[in-house]
Amino acid sequence: MHDAANKPAGVHVSEHPLVATKLSILRAKTTAPDEFRRAVEEITVLLFTEASQCWSTAPIEVETPLASCPGAVLQRAVAAVPILRAGLGMLDGILRVAPEANVGHIGIYRDEETLRPVSYFSRLPVNLASSETLLLDPMLATGHSACEAVAILKAAGADRIQLLCLVACDAGIAQLDSQHGDVPIFTAAIDPELNDRGYIVPGLGDAGDRLFGTG
Ligand code: URA
């Protein structure tokens, strides 16, 4: 859908066929909220698998019923931080695979006139400085909310942050890259346009409304 050749180095667009098929379910305007929520959860698991591929493990010794053998544990704690409200839809996918994750919440809404982010809530795990921190927001549109959220996470001590989203666009990627070039982006797609209301086109519509059956 998009020539990803010129994307910044920290942008990872999944090429997994299951990601592509689940994204098609999300894009279809006929997909009902229950199916939409399920597909968001499943696609998040797949994107999480790709994002966590670079995480470090420490060796341990494991006793199987038959013998001992080498095993592994994650070296750092896991923190998942959805941006309210649409990011909540991705949380279950993370917790399915990393149930031990600590969960923070950041509340940001977009002023519909200025399209600027307004932060109204933040409650974060205390150990972000020693955690792998996953910031969850389905749509990287203007990038302003993601930038604000990353600034909040960094101020709270997070130094290893990855953004997981479902659909990104060039404007959002450029905005995040210009302010937080150290934050890798994992996405299912990069779409060509951002319309004058700040929606990604073709995108999937308002992710929060589609998740929660509102709007
Ligand atoms: N937020 C959404 O939910 N959808 C978009 O397309 C952009 C921002």
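Contact here means heavy atoms within 4.5 Å, and helices are DSSP runs of H or I with at least four residues, numbered from the N terminus. The model is predicted, so to speak, on these terms: local features need pLDDT of at least 70, side-chain atom pairs count only at pLDDT 80 or more, and totals for chains, interfaces and linings use all residues. Residues are numbered from 1 along each chain as its sequence is written, and side-chain values use heavy atoms, leaving out hydrogens and water.

**Exercise 1.** Find which residues of helix 1 and helix 2 meet, and work out how the two helices are arranged.

*Solution.* Start with the residues: L18, V19, K22, L23, I25 and L26 in helix 1 touch E35, F36, A39, V40, E42, I43 and L46 in helix 2. Sorted by class, this contact has 10 nonpolar, no polar and three charged residues (Ala, Val, Leu, Ile, Met, Phe, Trp, Tyr, Cys and Pro count as nonpolar, Asp, Glu, Lys and Arg as charged, the others, Gly among them, as polar).

Next, take the axes, which are lines fitted to C-alpha atoms over the stretch in contact, with angles from 0 to 180 degrees between N-to-C directions. Those of helix 1 (residues 17–27) and helix 2 (residues 33–51) come within 9 Å and cross at roughly 155 degrees. Helix 1 is therefore roughly antiparallel to helix 2 (over 145 degrees).

Definitions and conventions
Parallel < 35°, antiparallel > 145°, perpendicular 65-115°, else oblique.
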